[in-house]
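Biologist: I would like to learn how to read a model of this kind, one feature after another. Could we begin with the aromatic rings and then move on to the fold and the surface?

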Amino acid sequence: MGIPVVDFSKVDGKERANTLALIDHYCQQWGFFQLINHGISEELLDRVKKVTTECYKLEREADFKNSKPVQLLNELVEKNSDAKIENVDWEDVFLLSDENDDEWPSKTLGFK
């Protein structure tokens with residue numbers, strides 16, 4: 001079974017209701033889906049990927065590596081060097097909006 005796919009070009013046509021129902025279903029059952037025919041250029045997607053990667057390296061990576069969960073995991077690995085650690089799920093989130101300018105990344109040029 002593959003990743004669910006939604007054709008966004010169908011949102012403004014006869015298949016609108018079905019497409020929106022698919023989005024709802026995939027969000028509830030899978031938590032994600034691949035969106036195709038969304039109209040966002042590859043150039044913009046590449047730029048966003050570059051800037052977010054740079055932002056992580058400049059502004060988030062050090063805090064992440066020094067976080068309590070990472071420290072605990074490193075201790076576990078050191079104690080059980082032969083053990084295989086599975087099902088580790090990392091998440092790093094920060095919310096951005098026009099209302100919290102002071103929380104936007106400041107070291108990453110071109111982020112905003």
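**Reading the model**

Modeller: By the rule that rings of Phe, Tyr and Trp (its six-membered ring) pair if their centres lie within 6.5 Å, with planes under 30 degrees apart counted as stacked, over 60 as edge-to-face and the rest as tilted, the count comes to 2 aromatic pairs. One of them joins Trp-30 and Phe-32, whose ring centres are 5.9 Å apart and whose planes stand at 85 degrees, so this pair is edge-to-face. Please keep in mind that this is a predicted model, in which local features need pLDDT of at least 70 and side-chain atom pairs count only at pLDDT 80 or more, while totals for chains, interfaces and linings use all residues. Residues are numbered from 1 along each chain as its sequence is written, and side-chain values use heavy atoms, with hydrogens and water left out.

Biologist: Why is Phe-32 called partly exposed?

Modeller: Buried means under 20% relative accessible area, exposed means over 50%, and partly exposed is in between (1.4 Å probe, protein chains only). Phe-32 has a relative accessible area of 41%, and is therefore partly exposed; Trp-30, at 32%, is partly exposed as well. Buried residues make up 13% of the 112 residues in the protein.

Biologist: In what order do the elements of the protein run from the N terminus on?

Modeller: Helices (H or I, at least four residues) and strands (E, at least two) are DSSP runs, numbered from the N terminus. Here there are 3 helices and 2 strands, and their order is β-α-β-α-α.

Biologist: Which residues does Phe-33 touch, leaving aside those up to four places away in sequence?

Modeller: A contact means heavy atoms within 4.5 Å, and on that basis Phe-33, in the loop between helix H1 (16–29) and E2, touches Ile-3, Pro-4, Val-6, Ile-23, Tyr-26 and Cys-27.
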